[in-house]
Amino acid sequence: MNELLTVLKKNVREYGMYIALAVIMAVFTILSNGLFISSRNIANLLNQTGYIAVLAVGMTLVIVIRHIDLSVGFLSGFLGAVAAIALAQWNWPVWLAILLVLLLGTIAGLLTAFPVAQLGIPAFVASLAGWLIYRGALMLVTAATGTIIVPNESFNAIGNGYIPDLFASASFLPNVHKTTLLLGAVAIVFFIIGQISDRRRKLQYNFEVLSTGLFAAKLLFISVVLGFITWILAGYNGMSWTVVIMLAVVLVYDYITRRTVIGRHIYAVGGNPEAAELSGIDVKRITMAVFASMGLLSGLSGILFTARLKSATPQAGTLFELDAIAAAYIGGVSAAGGIGSVTGSLVGALVYMSLMNGMNLLGTDISLQYIIRGLVLLFAVIFDVMTRKRKS
């Protein structure tokens, strides 16, 4: 028990958000008489989280290098409208429309980055200009028709469809999505193998690790949680394509940030840009790459949101950037830069969206919802400042 308390104190930033997520889910489950934890609601919650989590992943890297991007909300809405126009009016195939949106998103990210990296203009100002431009562009492309309905079922399945059950059977576990169960089991196995591998690597370099007993307890606890979530999803329609895309983005970016040279350079720039420059890191190139990545993910977020609604609206993207920033901060990203993780931002997005979902289930007034969301964000930033002061 003493070791557990010591570990929690040393890693309060990392474990705090998991505790917050567990508390929020438990409270709303009790207050909603179990409706919150139902298979249908959890599936809807994850689908609602998808487009915000994708934005939060990109925003994490932007904040890590000590910048901000306010343009991503309406950029996402505008690119979603471009996808809708390409499919509904130009009759483009789905793959080409998606490729166009991702390409335009990357270019938009580079355009935002150029004045920041090359001219030294504050990212707040440069991205605020983008916010206004993409807001106007979204209104412009939807002015003639208003809401643009997307008739393409293949595209709409990205936001509303579920992976097929390859092992459907009426005799074995009826009404349970067996493919989702299998994927969940595979994920648990890979998680355990990865954790054991990381532990062995740390021991080789004499890094501090958890005791064998506490390490085993951690693996068991997380495996049970993953298994429980998988079982809930399997009880509805299984895993959605939105969840698959969201998890794929998180896995790819988590690998990039933790296992590649560019990932180490990103954190080096965020920790101390001057020292990173003196050590040979091209800070301008890193800045351009991070903002380009943010633009790419904005395009993907727009695709997920448009597919979910099966349409593009003039209001699409409103407050998306603030939701993404809030999710990143709740997930442990430091306002001072240099600290934060992709997986943490995913959990932060789940915390933030669980809060919204639970309040909607309880019929909480929208004005109170905004106040509560603001207080949660304020608490997250205060928590970040306090933990940094304690470490220093």
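I take buried as under 20% relative accessible area, exposed as over 50%, and partly exposed as in between, with a 1.4 Å probe and protein chains only. By that scale Leu-31 counts as exposed, at 51% relative accessibility.

I am working on a predicted model, where local features need pLDDT of at least 70, side-chain atom pairs count only at pLDDT 80 or more, and totals for chains, interfaces and linings use all residues. Numbering runs from 1 along each chain as its sequence is written, and side-chain values use heavy atoms, with hydrogens and water left out.

I placed Leu-31 in helix α2. Helices here are DSSP runs of H or I, at least four residues, and strands are runs of E, at least two, numbered from the N terminus. Ala-26 also sits in α2, which spans residues 12-31. Ala-26 is partly exposed at 40% relative accessible area. I checked its C-alpha atom against that of Ile-37, 11 residues apart along the chain, and got 8.6 Å.

Next I looked at the surface. Ile-19, Val-23, Val-27, Leu-31, Leu-35, Leu-361 and Leu-362 form a nonpolar patch with about 570 Å² of accessible area together. Patch members have over 30% relative accessible area and no salt bridge; nonpolar side chains (Val, Leu, Ile, Met, Phe, Trp, Tyr) are joined within 5 Å, like charges within 9 Å. The areas come from the Shrake-Rupley method with a 1.4 Å probe, and for residues only the protein chains shown count as cover. Helix α2 gives the most to the patch, with 4 residues.

**Entry: cores**

I define a nonpolar core as buried Ala, Val, Leu, Ile, Met, Phe, Trp, Tyr and Cys residues joined through side-chain atoms within 4.5 Å. The largest has 100 residues, and Met-59 and Phe-155 have the most contacts inside it. Helix α3 (residues 39-64) gives the most to this core, with 16 residues. A second, separate core of 5 residues includes Phe-191, Leu-210, Leu-214 and Phe-215.

What does Phe-155 touch, leaving aside neighbours within four places in sequence? I found Ala-83, Leu-87, Val-94, Ile-98, Val-150, Ile-303, Thr-306 and Ala-307. Contact means heavy atoms within 4.5 Å.

**Entry: salt bridges**

I count 5 salt bridges in the structure, each a side-chain nitrogen of Lys or Arg within 4 Å of a carboxyl oxygen of Asp or Glu.

Arg-373 and Asp-323 meet in one of them, at 3.1 Å, N to O. Arg-373 lies in helix α16 (residues 366-391) and Asp-323 in helix α14, so the pair ties together parts that are 50 residues apart in sequence.

Asp-198 and Arg-201 pair at 2.7 Å, N to O. They are 3 residues apart in helix α8, so about one helical turn separates them. Asp-198 is buried at 18%, whereas Arg-201 is partly exposed at 35%. Arg-259 also bridges to Asp-198, at 3.1 Å between the closest N and O atoms. Arg-259 is in helix α10 (residues 241-259), 61 residues from Asp-198.

**Entry: positive phi**

Asn-175 is not a glycine, yet its phi is about 65 degrees. Asn-175 lies in the loop between α7 (153-160) and α8 (178-204), and is exposed at 72%.
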